[in-house]
Amino acid sequence: MRHLKQRDLSATRERLRDQVAHALRAALISGELRPGQVYSAPALAEDFGISATPVREAMLDLAREGLVEPVRNKGFRVTAVSEKDLDQYSEIRALIEVPTVGRVTRSATREELEALRPVAEEIVRSARDHDLIGYLEADRRFHLSLLALCGNERLVETVGDLRKRSRLYGLTALDESGELISSAEEHLELLDLMLAGDAKGAEKCMTRHLGHVRSLWAKSRGGSGGAEGSGVRRSRPAAKRVATG
C-alpha cells in the first residue's frame, strides 16, 4: 500500500517524529493525502520504512493542528474544507486583518516593520525555489508577527486558528504555473506601504492579498494539482526508507 512520493527522511530517533510530521504536511499540501480519505499509521509507516509509533505520534500532532482527525480502529481521516467554510473563514480574516494592518501602520515603529522584511523575502525566495512547506511556514510567521504588533494576543490566536482551518491544499499546480510568486511578492508590497505610513493603501493591499489567496486556494482545489481533483499524480516512487540510527 503506497501513498507517498519519495522523500529523504534520514533522522535520529528523537527527531523522527518531527521529520515524519513534516513529510506528512508536505503530502497534504501537494494533495498526495486527500481530504476525506482515511490513512492508517501502519500503512504510512510502511511507506517510510519505519515503525508505526512515530507515524502515529506525528499524526496526533497533525490532529491537534486540525489537519486530520482520528477514526477509531482505522487511522486518521484528512479533514476537508468546503467552499462555504473557506468563504466564511476568509471573510472573518478580512474583518480582522484589514483594519488591524491599518492600526499597525499608524502605531508600529520603523524598526518593528523592518524586522519583518527578512521573512517577507523568505516567502518570495521559497516561492521561487518551489519550497511549498517553506512558503507556508514563512507566510504564517509574517502574518502572525505583523498582527502581533497590535498587542492583542487573542486576535493573533484567532487568526492563527483560522489559518489552520483554511490551509492550502494542492499548491503544486500553482507553483508550477508561477502564480505563487505574485502572491509572495504582495508581502513586500504590503510592507513597503506600511513603512511609507500609507495606512489606507496597506488596508487595500491586504484586502487584495487575502482575496488573491482565496482565489489561489480555489484554483488549487479545482485544478490537476488540487487535493480534491481527479488528477493527483502518483508516478514518483514511494517514500524512502528512514534511517533509525
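Predicted model: local features only at pLDDT ≥ 70, side-chain atom pairs only at ≥ 80, totals over all residues.
Start with the charged side chains. The structure contains 15 salt bridges.

Find Asp61 and Arg64. They form a salt bridge, and their closest N and O atoms are 2.4 Å apart. Why can Asp61 and Arg64 meet? Both sit in helix H3, which covers residues 52-64. They are three residues apart there, so about one helical turn separates them. Now compare their surroundings. Asp61 is buried, because its relative accessibility of 15% falls under the 20% limit. Arg64 is exposed, because its relative accessible area of 59% is over 50%. Arg17, Glu57, Asp61 and Arg64 are linked in a network of salt bridges.

Move on to Arg117 and Asp192. Their side chains meet in a salt bridge, with 2.9 Å from N to O. Which helices hold Arg117 and Asp192? Arg117 belongs to helix H6, residues 117-128. Asp192 belongs to helix H10, residues 179-195. The pair therefore ties together parts that lie 75 residues apart in sequence. Asp192 itself is partly exposed, at a relative accessible area of 39%.

Stay with helix H10 for the next pair. The side chains of Arg208 and Glu186 meet in a salt bridge, at 3.6 Å from N to O. Glu186 lies in H10, while Arg208 lies in helix H11, residues 199-222. So this bridge ties together parts that are 22 residues apart in sequence. Is Glu186 buried or exposed? Glu186 is buried, with a relative accessible area of 8%. Arg208 counts as partly exposed, at 41% relative accessibility.

Last, look at helix H4. This helix runs over residues 83-107 and has 25 residues. How far does H4 reach from its first C-alpha to its last? The span is 36 Å, close to the 36 Å expected at 1.5 Å a residue. Yet H4 has a kink of about 25°, and the kink is centred on Ala94. Next, pick out the residues of H4 that are buried. They include Leu86, Tyr89, Ile96, Val98, Val101 and Val104. Gly102 is also among them, as are Thr100 and Thr105. Arg93 and Glu97 belong to the buried set of H4 too.

Technical notes:
Residues numbered from 1 in each chain as written. Heavy atoms only, no water. Salt bridge = Lys/Arg side-chain N within 4 Å of Asp/Glu carboxyl O. Helix = DSSP H or I, 4+ residues; strand = E, 2+ residues; numbered from the N terminus. Buried < 20%, exposed > 50% of the residue type's maximum accessible area, 1.4 Å probe, protein only. Expected span 1.5 Å × (residues − 1). Bend = angle between axes of the 7 residues up to and from the residue.
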